[in-house]
Every structure is written in structure tokens, then in C-alpha cells.
Amino acid sequence: MSFAKNRLPARRAEFTSMTEPYEIIARKYRPMIFEEMVGQKTVVQTLRNAVAHGRIAQAYLFSGMRGVGKTSAARILAKALNCQSGPTATPCNQCEFCRAINEDRLTDVLEIDGASNTGVDDVRQLREGLRYKSLQARYKVIIIDEVHMLSKAAFNALLKTLEEPPAKTVFIFATTEFNKVPATIVSRCQHFEFKKISYRDLINHLVVIAKKEDISLSDEGAAMIAEAAEGSLRDAQSLLDQAVAFSGAEVKDADLKEILGVVSRELLLEFSGAVLGRRPQDIFPLVEKIIELGYEPRSFAKKLVRHFRDLLLVRTVDAPGEGPSLSPDDISRLREEAGKASPEELLRCLIALQNGEAVMRYSSHPQIHLESLLIKLCHFKDLVPLSELLRDIEGAKAAPASAAGPAFRAPAASSSPSGRPPGATLRPQERISASPPAPDPSVRTTSPQDLLPATIERLRAQKSSLAALLAKAESAAVKSEPLDIKFSTDKRFSVQSPVTLEVVFGADMRHTVEAVQAEARQIEKAAAEASGLRVRLKVVLPENHASAARQGDADLALKDAGVRKFVDTFKAQVLSVEKTKDRRKDG
Ligand SMILES: [Zn+2]
């Protein structure tokens with residue numbers, strides 16, 4: 001759990017002095033009958049039926065995470081078997097046996113902690129005890145908690161007992177790590193899987209307890225505790241205990257935020273804003289800030305994973321249900337943020353964060369790890385994993401290049417070993433960078449036809465006069481250009497996909513064109529911000545169309561392998577293109 005225990009000052013005295021000695025909530029609200037158990041509907045139903053019909057198994061195995069009701073269910077089952085008015089699915093909790101079990105003093109019901117009684121001797125001792133029939137109760141019930149902690153020898157001894165089970169004896173094993181329980185044991189048990197307690201159930205439970213205990217707790221506060229408890233009822237209860245210890249009977253949201261280390265949505269949005277807005281320079285101060293606020297980098301990384309998951313959720317699902325701490329307001333703010341990226345991009349960020357977070361657990365420099373991870377995410381659009389690129393090169397080899405799509409050249413460094421001609425063409429970047437279904441061609445927030453309007457919109461806030469000039473354009477077109485691939489020191493390819501935004505004005509607008517051209521830099525910047533692409537601006541007057549066509553020819557020429565090799569070798573530029581009649585005939 002992520003809350004910092006050392007931040008809790010002892011403020012309990014003022015609260016407890018007013019009431020009787022404080023009994024911890026988990027103990028006070030331990031379920032006494034099956035009906036009182038929170039969640040676990042299926043398990044409870046099956047156990048009740050078994051008792052009601054007298055079909056009692058020799059051994060049960062209860063698996064599931066901590067604090068979801070395994071030992072509570074075991075105790076209730078022990079009572080159900082031994083209640084004076086039983087066996088019954090509804091033990092009375094009044095009779096001698098029920099009370100003795102509740103107070104943990106019935107010798108026939110034995111609760112053993114597997115974690116502290118791991119040895120073979122402990123089990124041997126247990127087996128000795130089992131030779132004797134139950135003293136008073138109907139059934140001997142042996143509950144072994146954390147059974148997976150037993151040593152191998154102890155397991156073998158236990159197995160022998162299970163193979164020749166003493167009469168009227170029921171074993172109940174509980175474990176948080178089912179996969180560590182030997183199959184030989186599992187196969188002799190009836191296995192029940194206890195589920196995480198749902199977020200909704202946790203909140204309801206907290207609200208009920210708060211009411212009974214006269215604790216004032218807001219709905220938001222209950223939601224914060226429920227989220228931090230991560231499906232464990234016991235954790236939710238003990239967090240409420242801590243909140244009361246901290247603030248007294250009036251639990252304030254602000255106090256809870258401090259106790260639970262709840263990261264505000266704003267802070268998380270600042271981080272995702274830097275990543276999706278590709279502002280690596282913001283990362284260092286942001287990480288510095290969370291350290292100063294007292295967050296632990298590892299647990300903060302976990303919150304970031306959750307945050308990007310939420311972003312992906314609102315980006316892909318039209319009506320996300322209210323989940324942990326997702327208020328309608330949160331959803332609309334998340335949606336706005338998520339709109340800055342494609343679902344594929346968010347998915348890649350999420351996966352990278354998850355992987356990074358997993359590695360960070362073992363890192364001795366979690367802060368540096370977090371910084372470098374986030375900076376990497378800022379460059380994510382530029383970085384393509386080598387494996388993906390190689391796979392695509394393979395794909396391109398199989399399928400000959402078509403003239404339809406824009407082509408790019410592979411860097412000389414990668415082409416020589418394979419003997420592939422340097423002019424070989426590959427598919428466009430969008431097919432390379434995203435392993436999930438290929439996104440709409442390259443543009444992040446806008447489609448090609450929207451690029452001019454989006455740029456104008458962007459400029460309106462920055463330089464409205466320029467926006468007004470651009471708005472006079474008659475038409476616009478977006479053209480892809482060959483990809484630019486660079487190797488960087490960390491052996492990754494950086495791939496940029498420049499596009500040309502060609503804006504055509506009316507014949508009588510020479511002045512406008514000149515004014516627009518003079519501000520090309522700023523327009524290109526606005527277009528880049530609007531699209532997430534590198535954009536080159538080309539301003540065209542109708543009379544210039546002839547030269548524009550010539551440029552088109554140059555582009556076409558560059559697609560030719562021979563021309564490209566020449567251009568590459570001599571760092572040349574294509575100035576003009578003349579069609580060669582002979583080649584036409586040949587081709
Ligand atoms: Zn009873």
C-alpha cells in the first residue's frame with residue numbers, strides 16, 4: 001500500500017478518551033454469519049448449501065488476496081459445523097460452542113499460522129493431536145492460515161494426514177499464494193477462490209461502519225479509502241482506523257489525502273501533459289516537485305500507470321462507467337487530455353510505463369529511473385523500437401514497393417550488411433511505429449484535410465492577424481514526405497514524418513502570400529502543435545503552380561533508386577527534372 005505510515009502523528013487520544021476503549025474496526029465488524037460477509041457471493045452460497053445438505057468435505061482450500069474474508073469464512077464454517085443447534089448454515093452465535101469459537105477458546109477448533117509453524121515437527125504434533133477424538137465439539141476443525149509457507153517436509157506430513165483422514169475432522173487451508181501450494185495438497189481439497197472486494201462493496205461497507213461509529217466521512221473520502229484498499233476489506237477497515245486516529249471522528253478529505261498519499265488529478269495531468277505535449281524539459285522540475293511533496297517515485301509511477309490507463313479508457317470508451325475516483329468532472333478533464341493523443345500512442349505509453357514501473361521496483365535510483373522513463377515517453381512519437389523497424393523491413397522485402405505511398409530511404413548503415421540496395425523503399429511511418437491496428441495516417445489530432453483549419457485555430461490564440469491572412473487561402477493540401485531516419489546513441493531509430501502543408505491563394509493575393517511566407521516559421525510551429533507532426537509550409541500562387549509541379553517531379557525522381565543513391569552519395573539536391581524519352585520507352 002502506498003500510504004506513508006511515518007506521516008501519522010498520534011492524535012487518537014482526544015477521540016478515544018470520549019468513548020470506551022477503541023476496538024479496531026476489523027475486529028469489531030468481523031462477520032459472524034455467512035450473510036454478513038462482504039462480497040464472495042458464490043463461495044458463501046456453496047458453503048451454505050454444503051452445510052445445509054450435510055455434504056462436508058474433508059479439506060477445503062481458500063485462496064485469495066489478503067483481507068478478503070478467508071479466515072472469517074473458515075471460522076463461520078467451524079461454527080456452522082459445531083453450533084449446538086446445528087450443523088446449520090446459520091450458526092446462532094449464542095450457544096456455548098459458537099461463543100467459544102468466537103472467543104478462540106474451543107480446543108477442537110485449532111487455528112494455526114502457517115507462517116510461524118512451518119516445520120515438520122509442528123505438523124507432526126498436530127497429527128498426534130488428531131489421534132484423539134474431538135473432546136466436546138461435533139467436528140474437529142483445523143484452520144491453517146498461509147499454508148503455502150509450510151516447509152516441504154511439513155507438507156509431506158500433512159499429505160499423509162489427508163490421505164488417511166481422521167473421522168469428523170475438517171481441514172481448512174487458507175493461502176494468499178495459491179500457486180505455491182503443492183498440487184498433491186490441492187487435489188485433495190475442495191478449492192474456493194476468494195475474489196477481490198469490489199470498489200462498490202468497499203464504499204458501501206465503509207459508509208455503513210462510519211454511520212454506526214458516528215464517524216463523519218464524505219462520499220469522496222470513502223472512495224479514496226476504497227481505492228487505496230485495492231480490493232482488501234481488511235485494508236479498507238484499517239485505513240479507516242488510521243484516519244480516525246489522525247483526525248478524530250471527523251475525517252476530513254484533506255487529511256485523508258495526506259494519510260493515503262492520494263495524488264491529485266491536477267498533478268497527474270501535469271505529467272501526462274508534458275509527455276503528450278512532448279515537453280521533456282518539464283520532466284525534471286515535475287519529478288523534483290513530487291519528491292518535495294513527499295511522494296515516493298515508485299508509488300508515484302504506479303499512479304501514473306493508473307492515470308494513463310484512465311486516459312486510454314476515456315479515449316476508447318464512449319461512456320466509461322464510474323470507476324475508482326472517476327467523477328463526471330474527472331472524465332471530462334481526462335477526455336480533453338486524452339484527445340491530444342491517438343489510442344495507439346496512449347497504449348504505448350501505458351505499456352512502457354508498466355514495464356518501467358516493474359523494473360523500478362528493484363532500482364536503487366528510482367527518481368532517476370522515473371525521470372528517464374518519462375523523458376523517453378516524451379520522445380515516444382520519434383522513437384521506434386528496432387525490432388518493429390526490422391520487422392517492417394522484412395515486410396517490405398516481401399512486398400515490393402508501390403509507387404502509391406510515400407517512400408523513405410533506409411540509412412546506409414543498415415543497408416550494407418543485408419546487401420539490400422540503398423534505394424529500397426519501405427512503407428510509411430504509421431505502419432511502422434504502431435503495432436496495434438495502423439492509425440489514421442500520421443496525424444495526431446487532425447486529419448490531413450483538417451490541418452489548415454487546425455493550424456488557423458491554433459494561430460488565432462498566438463497571432464490572430466496571421467490566422468486571418470491564412471484564412472484567405474483558396475485551398476490547401478497535405479503531402480507526405482520521405483521519412484527521415486536517424487540513429488541515436490542509444491541504438492534506436494528516431495523517425496520523423498514531415499508533411500508539407502501546401503496552401504494555395506488566389507492570383508491577386510501576392511502581398512498576402514509574401515506576408516504569410518515571412519511568417520512561415522510560426523505557421524509551421526502552430527501546425528506542428530496542432531498535428532504532432534513536423535510540418536513544412538509551402539505557399540502557392542496559381543501562377544507558381546508550374547514550379548510547384550516541377551517540385552512534384554523532383555519528388556517523383558527522388559523515388560527512383562538510382563537517383564536517390566546519387567543524391568545520397570554526393571549530398572546533392574534535385575534542382576530540375578527532365579523526362580528522359582528513352583527510359584519511358586524502355587519502361
Ligand atoms: Zn451456536
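How many of the 11 residues of helix α10 (residues 219-229) are buried? This tour of a predicted model begins there.

Residues are numbered from 1 along each chain as its sequence is written. In this predicted model, local features need pLDDT of at least 70, side-chain atom pairs count only at pLDDT 80 or more, and totals for chains, interfaces and linings use all residues.

**Helix α10.** Select residues 219-229. Eight of the 11 residues are buried, so α10 is largely enclosed by the rest of the structure. A buried residue has 20 or more other C-beta atoms, placed from the backbone, within 10 Å of its own. Helices are DSSP runs of H or I with at least four residues, numbered from the N terminus. The buried residues of α10 are Gly221, Ala222, Ala223, Met224, Ile225, Ala226, Ala228 and Ala229.

**The cover.** Next, display α9 (199-212), α11 (233-247) and α12 (253-260), which are among the elements covering the buried residues of α10. Just after α10, Glu230 takes a positive phi of about 50°.

**Ile225.** Leaving aside neighbours within four places in sequence, Ile225 is in contact (C-beta atoms, placed from the backbone, within 7 Å) with Leu206, Ala236, Leu239, Leu240 and Leu256.

**The largest nonpolar core.** A nonpolar core is a set of buried Ala, Val, Leu, Ile, Met, Phe, Trp, Tyr and Cys residues joined through C-beta atoms within 7 Å. Select Phe62, Ile172, Phe173, Leu206 and Ile225, which touch the most other members of the largest core, a set of 72 residues. Domain 1 (12-25 + 198-260) and domain 2 (40-193) both contribute residues, so this core lies between them; the domain bounds come from an automatic or database domain assignment.

Note on methods:
A residue is buried if 20 or more other C-beta atoms lie within 10 Å of its own, exposed if 12 or fewer, and partly exposed in between; C-beta atoms are placed from the backbone. Two residues are in contact if their C-beta atoms, placed from the backbone, lie within 7 Å. Helices (H or I, at least four residues) and strands (E, at least two) are DSSP runs, numbered from the N terminus.
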